[in-house]
Each structure stands twice: as C-alpha cells, then as structure tokens.
Amino acid sequence: TEGQVIHCRAAVAWGPKQPLVIEDVEVAPPREGEVRIKVLASGVCHTDAYTLDGHDPEGLFPAILGHEGGGIVESVGPGVSSVKPGDHVIPLYIPECGECKFCKSPKTNLCGKIRMTQGKGVMPDGTSRFTCKGKVLHHFMGCSTFSQYTVVAEISVAKVEDSVPLDKVCLLGCGISTGYGAAINTAKVEEGSTCAIWGLGAVGLAVALGCKAQKAARIIGVDINESKFEMAKAFGVTEFVNPSKLTKTVTETIVEMTDGGCDYTFECIGNVATMRDALESCHKGWGESVIIGVAAAGQEISTRPFQLVTGRVWRGSAFGGWKSRSSMPRLIKDYLEKRLMVDEFVTFTKPLDEINAAFDLMHQGKALRTVIDL
Ligand code: NAD
Ligand code: AHE
Ligand code: ZN
Ligand code: ZN
C-alpha cells in the first residue's frame, strides 16, 4: 500500500449537529515529514461532541473527527526518521517539534510549529490527505482518528511498545493524560491538599488519579449525575457534592466543608458558570483553580477581581501540561507499573458502524469512554 491511495472506511462529519456517516474515503500517501497510520482504536472525547455540535470556533466541516487514537504506522513520507512502518503509535493533538520557542520553554507544552495549519484542518503544507465522493475532507486536531487510516505529522506521533494494548492506551491520547497531568504538572498538587473536581467524566476522574498520586488528603467530586459517584470512589474521590440537591450554593457548601475553601480545584465540564464556582471555592490567599473544560464559542468567564486580589489563582491546562512526545514513555510506564488506571476508563467498546451510539452514551452520562474498534 506504500505510496498508494488507500480506500477505507471513516466516520465523516458532514455538518454541525448531524450524525456521523460511515463512508468510503480515500487517504493519500504521507508527504514529507508525515506518517500514515492504520488506526485500530479510538476513544470518543467530549471535545469531539463539542466540535460536532458546532460549538468549536475552529470547527470545520466536512471533517473526520477523533483525537484519542492508537494505531500502527503503515508508511512514512520522505525525511521521517523517528518512526517506521509497523511501529505502534498514539497520534498527538499537541505535537512536540523540540525546536520552536514553546518547545524550548519548560513552562509550556503548547508546540507552535504546526498549530496554524492544524487549526485550519489541513496538513502543514496546507492540503488535506482525505477525500470522499469527490470532496476534500478536513483533518481534525491533527489526528482524525475516526478513520481506518489517517495521516499525521511526524512530530504528532508518540511511539509506544508493541506490548501495550492500543485499545486501552489510545485513551492516553487525550482524556486520561489531560486530567492526570493537570493535577501533577499544572496544579502541582501537594501532599495533604484538599482538592475539588467539577465533572466526573474521564477527564475529571483522571484528575482524581493525579491528585491521589500527589497524596492529596481530600478529593471532592462535584457532579449533577449521581450515577458517577459510586464509580468515582475507585478513582480516589473521597466525598461528593451534587449541586442540584443543595440548599446553599455549591461555593458556600464547599467553603464550609473545607474550612475556607480548597487548595486546588479543577473544572472538567466546559461550563463558564462552574468555572466561576471552581475558582470561588478556592481558599483565600493560595487556592488555585485549573480550567480544563472547553467552553462553547462566545462564552466568557467572569468573577470579581477581588477573588484574585485576595490570592486565588486561575490557570488553564491543555493535555495536562505534558510535553507530548517526550512524556508518553512516562505515562505508559505509570500505566504498566499500575500507578495509573487506564483499562477502567473503557466502559464500552463499539464497532465503527455504531459510533453515533458512542456519542449518545456520552450525552446520556453513561460512558466514561467508549472505545471505537476500527
Ligand atoms: P464527559 O462528558 O465524560 O464528563 C463531563 C461530566 O460533567 C459528566 O459527568 C457530567 O455529568 C458533568 N456535568 C455536566 N454539567 C455539569 C454541571 N453543570 N455541574 C456538575 N457536573 C456537570 O466529558 P470529558 O470527556 O470528561 O471532558 C470534560 C471536559 O474537558 C469537556 O469540556 C472537554 O471538551 C474537555 N477536555 C479538555 C481537554 C484539555 O486538554 N483542556 C482535554 C480533554 C477534554
Ligand atoms: N479550538 C477551540 C478550543 C478547543 C480546545 O481548547 N482544545 C484543547 C484540547 S481539548 C481536547 O479534548 C486544547 O488543547 N487546546 C489547545 C490548542 O492549541 O488548541 C477554540 O476555542 O478555538
Ligand atoms: Zn479530548
Ligand atoms: Zn514545537
């Protein structure tokens, strides 16, 4: 197949708020600095639903969504030296070129090398590798894992050992790494801390794993879906708050429970009202709140500046602050040595044909992650 156009099946997002359609698509060979991957598995992240629902200001259609995948390199373009056909890889929506000013700074994981073209739904040379029914399809987040084959930049792949199960570690491509790293790298939670997490989906529960790894004393879970509470205990959540069942505000409740507020809070929903609640539930003088959730186009956060004047800190985190390619061995090691739960996040597995059901399960709050078997 090397050097040839591959015909395969993919879930195509033809337009916002429309179900994905399984289509026969053509995937062109990888060009210079690119890698073509046979995708074996992909998680469905809330960000895929957010984009499909038309909430992403960068959202483009038609497109092939998906950014939480695992697969095997089928072929590589000219100049590719870090991976070869047969290598097992995880596509990365934040690449790591190692050369740009972001990569050179220890302060961020946001590589800038191909961010512009990635946001326009094309490869770094400005063109797409996907067509369907004579139409060009956009790439998504530099990954497009809802396709049996995809093409990504070499700097957007992390090689993993052949022995790790791709149908599980695909989740390290987004949700799990994001939450786990937000606690470890972004908040840098300390031993004995009191933490609270808004949203107990895959991202929120991975935050709990990170807080637990950092030896937090209390991990308070906040969710309106109480069916999440039982499951969350296994991920280290120690107490629960259901905002829809309170007589006081969630902030008043948490400030009271914690003698003045939390050391660290995390927003894992994507709702600007809960972002405010998470900030204002931080302790005066030192509490820090990390925004992980992605809010819809047009939304803005607000609080009284006095909240910051009096020592609370508002931060944000993308992919958990992990420098993507160079951190993957650490994440895989934590998984293999049983410090990081991964298998437990897979609540359903579905064939590509049933991908829309995976979105339904997420919206119904029944899934942590549905892994699509491509
Ligand atoms: P999910 O749908 O699995 O989980 C969201 C949880 O929030 C659910 O348990 C839901 O019941 C709860 N929830 C919804 N509204 C609520 C409210 N008003 N109050 C309390 N709880 C509420 O989603 P996920 O895949 O875990 O993703 C979570 C968020 O993180 C999304 O916004 C997603 O786009 C974002 N995300 C960001 C990054 C990043 O790098 N920053 C990475 C992955 C996901
Ligand atoms: N494209 C949107 C924002 C979407 C967004 O914030 N994406 C997160 C990752 S979500 C993963 O599930 C992110 O890492 N952003 C950093 C980046 O460079 O995109 C918009 O508002 O335009
Ligand atoms: Zn994601
Ligand atoms: Zn870079």
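**Ligand 1 shell**

I started with the classes of residue around ligand 1: 17 are nonpolar, 14 polar and 2 charged. I count Ala, Val, Leu, Ile, Met, Phe, Trp, Tyr, Cys and Pro as nonpolar, Asp, Glu, Lys and Arg as charged, and the others, Gly among them, as polar. The model is predicted: local features need pLDDT of at least 70, side-chain atom pairs count only at pLDDT 80 or more, and totals for chains, interfaces and linings use all residues. Residues are numbered from 1 along each chain as its sequence is written, while chains are lettered from A and ligands numbered from 1 in the order in which they are written.

Which residues come nearest to ligand 1? Out of 33 around it, I noted His 46, Gly 199, Gly 201, Val 203 and Gly 270. A residue is near a molecule if its C-beta atom, placed from the backbone, lies within 6 Å of it. I then looked up the elements giving two or more residues to this shell, and found α1 (46-52), α5 (175-187) and α6 (202-213). Helices (H or I, at least four residues) and strands (E, at least two) are DSSP runs, numbered from the N terminus. Domain 1 and domain 2 each give at least three residues to the shell around ligand 1.

**Ligand 2 shell**

Around ligand 2 I listed Cys 45, Thr 47, Asp 56, Pro 57, Glu 58, Ile 94, Leu 110, Arg 115, Cys 174, Val 294, Ala 318 and Phe 319. By class they are 8 nonpolar, 1 polar and 3 charged.

**Domains**

I took domain 1 as 6-173 + 342-373 and domain 2 as 179-317. These bounds come from an automatic or database domain assignment. Their C-alpha centres lie 29 Å apart. Domain 1 puts 11 residues into the contact and domain 2 puts in 10; two residues are in contact if their C-beta atoms, placed from the backbone, lie within 7 Å. On the domain 1 side, α1 gives the most, with 3 residues. I sorted that side into 4 nonpolar, 4 polar and 3 charged residues.

I also checked UniProt. An unreviewed entry there lists "domain: Alcohol dehydrogenase-like N-terminal" at residues 32-161. That span is 12% helix and 28% strand, and its end C-alpha atoms lie 25 Å apart. The feature "domain: Alcohol dehydrogenase-like C-terminal" is placed by UniProt, in an unreviewed entry, at residues 202-331. Here I read 37% helix and 15% strand, with the end C-alpha atoms 16 Å apart. UniProt annotations may be inferred rather than shown by experiment.

**Core**

The largest nonpolar core holds 111 residues. Such a core is a set of buried Ala, Val, Leu, Ile, Met, Phe, Trp, Tyr and Cys residues joined through C-beta atoms within 7 Å. Buried means 20 or more other C-beta atoms within 10 Å of the residue's own, exposed 12 or fewer, and partly exposed in between, with C-beta atoms placed from the backbone. Val 169, Cys 195, Ile 197, Val 207, Ala 208 and Phe 266 touch the most other members. The largest share, 8 residues, comes from α6.

I followed Val 207. Leaving aside neighbours within four places in sequence, Val 207 is in contact with Gly 179, Ala 182, Ala 183, Ile 197, Phe 266 and Cys 268.

In α9 (residues 272-280), I found Thr 274, Met 275, Asp 277, Ala 278, Leu 279 and Glu 280 buried. The buried residues of α9 pack against elements including β10 (194-198), α8 (250-257) and β13 (264-267).

His 363 is in α12 (residues 355-363). Is His 363 buried or exposed? It counts as exposed because it has 12 C-beta neighbours inside 10 Å. His 363 and Ala 49 lie 314 residues apart in sequence, yet 8.6 Å apart in space, C-alpha to C-alpha.
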